[in-house]
Amino acid sequence: MVLTRRSFVTMAGALALAGCAGTSGQPDTTQQDDADGAPVRTRESSYPFDFITTLGAFDELVATPSEAPGTVETLSYTTHAYAIEATDGVDGVMVDKQLNVWLPGDFDPTRTYDALYLLHGTGGMQDYWLGEPVTATGDYHGDTTQNLLDTMHDQGLFGDVIVVSPTYYSVPEGYEIDNTFMGSMAGGDPYADAWPLHFWRELREDIVPLVEATYPVTADRDHRGFAGLSRGSMTVMNSGLMHCCDLFSYFGSFSGAWADVDSFVEALEGEFADYPVRFWYNGNGSKDFSLENHEQFVAQVLERMPERFVDGENYAWVSFPGGEHAYNCWALDLYNCLLAFF
(Lines give C-alpha, C1' and ligand atoms only; values in the text may rest on other atoms or scores of the structure.)
Protein backbone atom coordinates (compact mmCIF):
# COMPACT_ATOMS: atom_id res chain seq x y z
CA MET A 1 0.00 0.00 0.00
CA VAL A 2 1.36 3.39 -0.96
CA LEU A 3 0.01 6.65 0.39
CA THR A 4 0.64 9.94 -1.37
CA ARG A 5 0.76 13.57 -0.34
CA ARG A 6 1.12 16.78 -2.27
CA SER A 7 0.89 20.43 -1.39
CA PHE A 8 -2.08 22.34 -2.70
CA VAL A 9 -2.37 26.11 -2.57
CA THR A 10 -5.48 27.39 -0.81
CA MET A 11 -7.90 28.29 -3.55
CA ALA A 12 -10.24 30.55 -1.68
CA GLY A 13 -9.08 32.73 1.17
CA ALA A 14 -12.65 33.67 2.01
CA LEU A 15 -13.37 29.99 2.66
CA ALA A 16 -10.40 29.49 4.95
CA LEU A 17 -12.48 28.46 7.94
CA ALA A 18 -14.38 25.64 6.30
CA GLY A 19 -11.89 22.68 6.11
CA CYS A 20 -8.19 21.36 6.35
CA ALA A 21 -5.44 18.50 6.08
CA GLY A 22 -2.09 17.17 7.47
CA THR A 23 1.42 15.97 6.70
CA SER A 24 3.23 12.68 6.91
CA GLY A 25 5.83 12.37 9.61
CA GLN A 26 8.05 10.32 7.27
CA PRO A 27 10.69 11.51 4.79
CA ASP A 28 9.88 11.72 1.09
CA THR A 29 11.73 9.20 -1.06
CA THR A 30 10.51 9.75 -4.61
CA GLN A 31 8.79 12.43 -6.61
CA GLN A 32 6.85 12.28 -9.84
CA ASP A 33 4.05 14.18 -11.54
CA ASP A 34 0.39 13.27 -11.32
CA ALA A 35 -2.06 13.50 -14.20
CA ASP A 36 -2.36 17.26 -13.67
CA GLY A 37 1.39 17.76 -13.73
CA ALA A 38 1.57 18.54 -10.01
CA PRO A 39 4.24 16.91 -7.83
CA VAL A 40 3.30 13.79 -5.93
CA ARG A 41 5.61 12.64 -3.13
CA THR A 42 5.57 9.02 -2.08
CA ARG A 43 5.84 7.99 1.57
CA GLU A 44 8.64 5.71 2.67
CA SER A 45 6.44 3.41 4.73
CA SER A 46 2.86 2.19 4.80
CA TYR A 47 0.38 1.85 7.67
CA PRO A 48 -0.71 -1.44 9.26
CA PHE A 49 -4.28 -0.86 8.06
CA ASP A 50 -5.89 -1.31 4.66
CA PHE A 51 -6.66 2.38 4.33
CA ILE A 52 -8.53 3.34 1.17
CA THR A 53 -6.99 6.24 -0.75
CA THR A 54 -8.80 5.89 -4.10
CA LEU A 55 -12.03 7.83 -4.49
CA GLY A 56 -13.61 5.32 -6.85
CA ALA A 57 -13.48 2.62 -4.20
CA PHE A 58 -16.34 4.23 -2.30
CA ASP A 59 -18.96 3.42 -4.97
CA GLU A 60 -18.04 -0.25 -4.79
CA LEU A 61 -18.28 -0.25 -1.02
CA VAL A 62 -21.89 0.91 -0.99
CA ALA A 63 -23.05 -0.74 -4.20
CA THR A 64 -24.95 -3.55 -2.49
CA PRO A 65 -27.37 -2.85 0.39
CA SER A 66 -26.87 -4.91 3.50
CA GLU A 67 -29.12 -7.90 4.12
CA ALA A 68 -29.01 -7.11 7.85
CA PRO A 69 -29.01 -3.30 7.99
CA GLY A 70 -28.58 -1.36 11.19
CA THR A 71 -30.97 1.23 12.50
CA VAL A 72 -30.74 4.95 13.23
CA GLU A 73 -32.36 6.30 16.37
CA THR A 74 -32.83 9.91 17.47
CA LEU A 75 -32.30 11.21 21.00
CA SER A 76 -33.57 14.59 22.24
CA TYR A 77 -32.07 16.75 24.96
CA THR A 78 -31.91 20.32 26.25
CA THR A 79 -28.61 22.11 26.67
CA HIS A 80 -27.05 25.52 27.12
CA ALA A 81 -26.08 27.44 24.00
CA TYR A 82 -22.54 27.54 25.36
CA ALA A 83 -20.98 29.35 22.40
CA ILE A 84 -23.58 32.10 22.48
CA GLU A 85 -23.31 32.48 26.25
CA ALA A 86 -19.52 32.74 26.09
CA THR A 87 -19.51 35.12 23.13
CA ASP A 88 -22.25 37.43 24.38
CA GLY A 89 -21.40 37.21 28.09
CA VAL A 90 -24.85 35.97 29.09
CA ASP A 91 -26.21 33.02 31.06
CA GLY A 92 -29.17 30.68 30.84
CA VAL A 93 -29.57 30.57 27.04
CA MET A 94 -31.15 27.15 26.49
CA VAL A 95 -31.88 25.21 23.32
CA ASP A 96 -33.64 21.95 22.49
CA LYS A 97 -31.56 19.67 20.30
CA GLN A 98 -31.37 16.19 18.80
CA LEU A 99 -28.65 13.74 17.83
CA ASN A 100 -28.71 10.58 15.74
CA VAL A 101 -27.27 7.18 16.62
CA TRP A 102 -26.47 4.29 14.27
CA LEU A 103 -26.82 0.84 15.83
CA PRO A 104 -25.51 -2.26 14.00
CA GLY A 105 -27.98 -4.78 12.65
CA ASP A 106 -27.05 -7.30 15.33
CA PHE A 107 -27.21 -4.77 18.15
CA ASP A 108 -27.57 -6.60 21.46
CA PRO A 109 -28.24 -4.62 24.66
CA THR A 110 -26.53 -7.34 26.66
CA ARG A 111 -23.19 -6.60 24.97
CA THR A 112 -21.03 -3.51 25.42
CA TYR A 113 -20.03 -1.15 22.61
CA ASP A 114 -17.45 1.42 21.64
CA ALA A 115 -18.80 4.82 20.56
CA LEU A 116 -17.62 7.04 17.72
CA TYR A 117 -18.90 10.63 17.92
CA LEU A 118 -19.01 12.06 14.38
CA LEU A 119 -19.44 15.72 13.43
CA HIS A 120 -20.53 17.49 10.23
CA GLY A 121 -19.04 20.68 8.78
CA THR A 122 -20.26 24.21 8.09
CA GLY A 123 -23.96 24.25 7.24
CA GLY A 124 -24.56 20.64 8.23
CA MET A 125 -26.59 19.35 11.13
CA GLN A 126 -26.94 16.06 13.00
CA ASP A 127 -28.57 14.67 9.86
CA TYR A 128 -25.53 15.25 7.62
CA TRP A 129 -24.03 11.84 8.37
CA LEU A 130 -27.07 9.94 9.63
CA GLY A 131 -30.84 10.19 9.81
CA GLU A 132 -33.48 12.06 7.87
CA PRO A 133 -32.95 15.62 6.59
CA VAL A 134 -33.97 18.39 8.97
CA THR A 135 -32.59 21.27 6.87
CA ALA A 136 -33.74 22.73 3.59
CA THR A 137 -30.34 22.46 1.89
CA GLY A 138 -30.61 18.78 0.99
CA ASP A 139 -26.97 18.34 2.01
CA TYR A 140 -27.33 15.10 3.93
CA HIS A 141 -26.01 11.59 3.35
CA GLY A 142 -27.85 9.45 5.84
CA ASP A 143 -28.71 6.56 3.53
CA THR A 144 -25.21 6.36 2.08
CA THR A 145 -23.43 6.56 5.43
CA GLN A 146 -25.70 3.93 6.91
CA ASN A 147 -25.05 1.66 3.94
CA LEU A 148 -21.29 2.16 4.39
CA LEU A 149 -21.47 1.29 8.09
CA ASP A 150 -23.71 -1.71 7.40
CA THR A 151 -21.34 -3.01 4.71
CA MET A 152 -18.27 -2.64 6.91
CA HIS A 153 -20.05 -4.35 9.78
CA ASP A 154 -21.20 -7.20 7.53
CA GLN A 155 -17.57 -7.72 6.47
CA GLY A 156 -16.32 -7.71 10.06
CA LEU A 157 -14.14 -4.64 9.50
CA PHE A 158 -14.88 -3.27 12.95
CA GLY A 159 -16.18 -4.71 16.19
CA ASP A 160 -19.05 -3.69 18.42
CA VAL A 161 -19.37 0.04 17.70
CA ILE A 162 -22.18 2.57 17.62
CA VAL A 163 -21.88 5.89 15.77
CA VAL A 164 -23.27 9.09 17.29
CA SER A 165 -23.97 12.08 15.06
CA PRO A 166 -24.66 15.33 16.97
CA THR A 167 -24.45 18.96 15.84
CA TYR A 168 -22.33 21.74 17.31
CA TYR A 169 -24.94 24.33 16.30
CA SER A 170 -27.08 25.49 19.22
CA VAL A 171 -29.41 28.16 17.84
CA PRO A 172 -32.23 29.13 20.22
CA GLU A 173 -35.57 30.45 19.03
CA GLY A 174 -35.48 34.13 18.22
CA TYR A 175 -31.86 34.18 17.00
CA GLU A 176 -31.44 35.12 13.34
CA ILE A 177 -28.41 33.10 12.27
CA ASP A 178 -27.67 31.97 8.72
CA ASN A 179 -25.46 28.97 9.37
CA THR A 180 -25.71 27.52 5.88
CA PHE A 181 -22.33 27.16 4.21
CA MET A 182 -22.67 30.22 1.99
CA GLY A 183 -24.44 32.21 4.69
CA SER A 184 -21.69 31.47 7.17
CA MET A 185 -18.98 32.41 4.71
CA ALA A 186 -20.80 35.67 4.01
CA GLY A 187 -20.94 36.61 7.68
CA GLY A 188 -24.46 35.48 8.41
CA ASP A 189 -23.34 33.44 11.42
CA PRO A 190 -21.68 35.66 14.05
CA TYR A 191 -20.87 32.56 16.14
CA ALA A 192 -19.27 30.57 13.31
CA ASP A 193 -15.84 30.44 14.95
CA ALA A 194 -17.28 30.07 18.46
CA TRP A 195 -19.14 26.78 17.93
CA PRO A 196 -15.91 24.72 17.61
CA LEU A 197 -14.31 26.40 20.63
CA HIS A 198 -17.13 25.80 23.12
CA PHE A 199 -18.70 22.52 21.98
CA TRP A 200 -16.61 20.62 24.54
CA ARG A 201 -18.90 21.67 27.36
CA GLU A 202 -21.99 20.26 25.65
CA LEU A 203 -20.08 17.13 24.69
CA ARG A 204 -18.86 16.61 28.24
CA GLU A 205 -21.94 17.66 30.21
CA ASP A 206 -24.80 16.62 27.94
CA ILE A 207 -24.03 14.42 24.93
CA VAL A 208 -21.71 11.75 26.32
CA PRO A 209 -23.78 11.31 29.52
CA LEU A 210 -26.98 11.02 27.45
CA VAL A 211 -25.54 8.38 25.11
CA GLU A 212 -24.04 6.38 27.94
CA ALA A 213 -27.28 6.45 29.91
CA THR A 214 -29.18 5.17 26.86
CA TYR A 215 -26.92 2.54 25.30
CA PRO A 216 -24.60 -0.16 26.68
CA VAL A 217 -21.36 1.58 25.77
CA THR A 218 -18.13 1.20 27.71
CA ALA A 219 -17.75 4.44 29.68
CA ASP A 220 -14.02 5.10 29.43
CA ARG A 221 -11.78 7.04 27.07
CA ASP A 222 -10.24 3.99 25.39
CA HIS A 223 -13.69 3.10 24.05
CA ARG A 224 -14.61 6.56 22.74
CA GLY A 225 -13.63 8.24 19.49
CA PHE A 226 -14.29 11.76 18.21
CA ALA A 227 -14.05 12.72 14.52
CA GLY A 228 -15.35 15.42 12.23
CA LEU A 229 -15.05 17.11 8.86
CA SER A 230 -14.14 20.69 8.00
CA ARG A 231 -15.40 22.96 10.77
CA GLY A 232 -16.28 19.75 12.58
CA SER A 233 -12.60 18.83 12.42
CA MET A 234 -11.81 22.27 13.80
CA THR A 235 -14.12 21.27 16.65
CA VAL A 236 -12.28 17.97 17.15
CA MET A 237 -9.02 19.92 17.44
CA ASN A 238 -10.21 22.72 19.72
CA SER A 239 -12.92 21.03 21.79
CA GLY A 240 -11.75 17.43 21.58
CA LEU A 241 -7.98 17.18 21.75
CA MET A 242 -7.54 20.43 23.69
CA HIS A 243 -10.42 20.05 26.18
CA CYS A 244 -11.61 16.43 26.26
CA CYS A 245 -8.50 14.29 25.94
CA ASP A 246 -9.48 12.72 29.25
CA LEU A 247 -12.74 11.55 27.65
CA PHE A 248 -11.47 10.30 24.26
CA SER A 249 -8.45 8.29 23.11
CA TYR A 250 -9.18 8.31 19.36
CA PHE A 251 -9.48 11.38 17.12
CA GLY A 252 -10.17 11.92 13.43
CA SER A 253 -9.46 15.17 11.57
CA PHE A 254 -11.07 15.25 8.11
CA SER A 255 -10.20 18.37 6.06
CA GLY A 256 -9.65 20.64 9.01
CA ALA A 257 -7.44 22.06 11.76
CA TRP A 258 -7.60 25.82 12.49
CA ALA A 259 -6.20 25.50 15.97
CA ASP A 260 -3.40 27.40 17.67
CA VAL A 261 -0.31 25.19 17.80
CA ASP A 262 1.01 26.72 21.04
CA SER A 263 -2.32 26.15 22.81
CA PHE A 264 -2.54 22.63 21.38
CA VAL A 265 0.92 21.68 22.66
CA GLU A 266 0.29 23.35 26.01
CA ALA A 267 -2.93 21.38 26.54
CA LEU A 268 -1.49 18.00 25.60
CA GLU A 269 1.76 18.48 27.50
CA GLY A 270 0.05 20.15 30.44
CA GLU A 271 -3.46 19.24 31.58
CA PHE A 272 -3.59 16.07 29.46
CA ALA A 273 0.03 14.95 29.73
CA ASP A 274 -1.02 11.68 31.37
CA TYR A 275 -3.65 10.84 28.73
CA PRO A 276 -2.10 9.13 25.69
CA VAL A 277 -3.76 9.59 22.31
CA ARG A 278 -4.22 6.05 21.01
CA PHE A 279 -4.70 7.22 17.43
CA TRP A 280 -4.93 10.56 15.58
CA TYR A 281 -6.09 10.11 12.00
CA ASN A 282 -5.72 12.94 9.49
CA GLY A 283 -7.23 12.86 6.00
CA ASN A 284 -7.48 15.33 3.13
CA GLY A 285 -7.85 15.50 -0.64
CA SER A 286 -5.01 16.73 -2.83
CA LYS A 287 -7.32 19.37 -4.34
CA ASP A 288 -9.03 20.37 -1.10
CA PHE A 289 -8.73 24.12 -0.43
CA SER A 290 -8.08 23.28 3.23
CA LEU A 291 -5.01 21.17 2.57
CA GLU A 292 -2.29 23.77 3.11
CA ASN A 293 -3.64 24.87 6.49
CA HIS A 294 -3.95 21.30 7.74
CA GLU A 295 -0.52 20.26 6.52
CA GLN A 296 1.17 23.22 8.14
CA PHE A 297 -0.55 22.63 11.48
CA VAL A 298 0.22 18.92 11.63
CA ALA A 299 3.82 19.46 10.53
CA GLN A 300 4.39 21.82 13.46
CA VAL A 301 2.74 19.43 15.92
CA LEU A 302 4.86 16.49 14.75
CA GLU A 303 8.01 18.58 14.97
CA ARG A 304 7.26 19.80 18.49
CA MET A 305 5.80 16.56 19.87
CA PRO A 306 7.79 13.75 18.22
CA GLU A 307 7.26 11.35 21.13
CA ARG A 308 3.57 12.13 21.52
CA PHE A 309 2.64 11.35 17.90
CA VAL A 310 4.54 8.66 16.00
CA ASP A 311 3.68 8.11 12.36
CA GLY A 312 2.40 4.59 11.80
CA GLU A 313 1.86 3.93 15.50
CA ASN A 314 -0.70 6.41 16.81
CA TYR A 315 -0.78 8.90 13.95
CA ALA A 316 -1.67 8.69 10.25
CA TRP A 317 -1.91 11.02 7.31
CA VAL A 318 -4.00 9.81 4.36
CA SER A 319 -4.28 11.71 1.10
CA PHE A 320 -6.88 11.21 -1.62
CA PRO A 321 -5.35 12.10 -5.01
CA GLY A 322 -7.76 14.36 -6.85
CA GLY A 323 -10.00 14.63 -3.79
CA GLU A 324 -11.78 17.89 -3.01
CA HIS A 325 -13.71 19.26 -0.02
CA ALA A 326 -16.48 16.71 -0.41
CA TYR A 327 -18.39 13.81 1.11
CA ASN A 328 -16.75 11.17 -1.09
CA CYS A 329 -13.45 11.90 0.71
CA TRP A 330 -14.97 12.20 4.18
CA ALA A 331 -16.82 8.91 3.85
CA LEU A 332 -13.48 7.22 3.16
CA ASP A 333 -12.01 9.03 6.17
CA LEU A 334 -14.80 7.49 8.23
CA TYR A 335 -14.02 4.07 6.76
CA ASN A 336 -10.31 4.45 7.54
CA CYS A 337 -10.96 5.64 11.08
CA LEU A 338 -13.08 2.60 11.84
CA LEU A 339 -10.19 0.39 10.73
CA ALA A 340 -7.74 2.12 13.05
CA PHE A 341 -9.87 2.95 16.10
CA PHE A 342 -10.79 0.79 19.11
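Aromatic pairs and burial in a predicted chain

Me: What makes tyrosine 169 count as buried?
Reply: Its relative accessibility is 3%. Buried means under 20% relative accessible area, exposed over 50%, partly exposed in between, with a 1.4 Å probe and protein chains only. The value 3% falls under that limit, so tyrosine 169 counts as buried. This is a predicted model, where local features need pLDDT of at least 70, side-chain atom pairs count only at pLDDT 80 or more, and totals for chains, interfaces and linings use all residues. Residues are numbered from 1 along each chain as its sequence is written, and side-chain values use heavy atoms, with hydrogens and water left out.

Me: Why is tyrosine 168 called buried?
Reply: Tyrosine 168 has a relative accessible area of 2%. That is under 20%, so the residue is buried.

Me: How many aromatic pairs does the rule give?
Reply: The count comes to 27. Rings of Phe, Tyr and Trp (its six-membered ring) pair if their centres lie within 6.5 Å; planes under 30 degrees apart count as stacked, over 60 as edge-to-face and the rest as tilted.

Me: Why is the pair of tyrosine 168 and tyrosine 169 called tilted?
Reply: The ring centres are 4.7 Å apart, within 6.5 Å, so the rings pair.

Me: What makes the pair of tyrosine 128 and tryptophan 129 edge-to-face?
Reply: The planes are 85° apart, which is over 60. Centre to centre, the distance is 5.8 Å. Both tyrosine 128 and tryptophan 129 are buried.
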